[in-house]
Amino acid sequence: MCRNNKLGSLATRYSLREALLPINNLILITQDSVEIRINLSIYYKIIDPKLVYNTIENYEVALTDLVKSNLFDQARQLKIAEIIKNKQDINISVKKETAAIIRNWGISVEKLEFSYINSSDIILK
């Protein structure tokens, strides 16, 4: 994809393959004020490069911030026991909320995976 401007031609390339955005050591605070540290993997795919180019300047930062925001919101509404019990439901909910927004960006979230870093601390509490 090329765009002409006064300085010349500017080309931007996007991979249409599935890509990974890792987020390490993310801290979530639950409704009962328990701190959870997680590692998060966002698997996404660019489905419309022209839309990505024309819509959002740094899609990886925006996608990361959006997913983190959705996770923070989910964690604030649930107690630690509910988060542990409903990990898959939280995953689906965050993916659905994120997908509704990024559809207009030309990006698709293929899957989200998260794992607990301090899971032994969580079980002890």
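How do the residues of the lining of the largest cavity divide into nonpolar, polar and charged? They comprise seven nonpolar, one polar and no charged; here Ala, Val, Leu, Ile, Met, Phe, Trp, Tyr, Cys and Pro count as nonpolar, Asp, Glu, Lys and Arg as charged, and the others, Gly among them, as polar.

The model is predicted: local features need pLDDT of at least 70, side-chain atom pairs count only at pLDDT 80 or more, and totals for chains, interfaces and linings use all residues. Residues are numbered from 1 along each chain as its sequence is written, and side-chain values use heavy atoms, with hydrogens and water left out.

**Overall architecture**

The protein contains five helices and five strands, arranged along the sequence as β-β-β-β-α-α-α-α-β-α. Helices (H or I, at least four residues) and strands (E, at least two) are DSSP runs numbered from the N terminus. Of the 125 residues, 36% count as buried, that is, under 20% relative accessible area with a 1.4 Å probe and protein chains only, whereas exposed means over 50% and partly exposed lies in between.

**The sheet and its helix**

Three strands form an open sheet in the order β3-β4-β5, with antiparallel pairing; two strands pair if DSSP finds at least two bridges between them. Because β3 and β5 stand at the edges, each with a single partner strand, one side of each is left without a neighbour in the sheet. From one strand to the next, the twist averages 25°. Helix α2 packs on this sheet and touches β3, β4 and β5, a contact being heavy atoms within 4.5 Å. The direction of α2 makes about 35° with that of β3; axes are lines fitted to C-alpha atoms, for helices over the stretch in contact, and angles run from 0 to 180 degrees between N-to-C directions.

| Element | Residues |
|---|---|
| β3 | 19–29 |
| β4 | 35–46 |
| β5 | 107–116 |
| α2 | 59–77 |
| α3 | 80–85 |

Nine bridges join β4 to β5, and leucine 40 stands opposite phenylalanine 114 in β5.

**The cavity**

The largest cavity holds about 50 Å³ of space. On a 1 Å grid over the protein atoms alone, a cavity is a set of points where a 1.4 Å probe fits but cannot get out, and lining residues have an atom within 4 Å of a point. Grid points are joined across faces, edges and corners, and the volume is the space filled by probe spheres set on the points. The lining includes Leu28, Gln74 and Phe114, and α2 gives the most to it, with three residues.

**Alanine 81**

Alanine 81 lies in helix α3 and counts as exposed at 53% relative accessibility.

Key. On a 1 Å grid over the protein atoms alone, a cavity is a set of points where a 1.4 Å probe fits but cannot get out, and a pocket is an open set with protein on both sides within 12 Å along at least five of seven lines; lining residues have an atom within 4 Å of a point.
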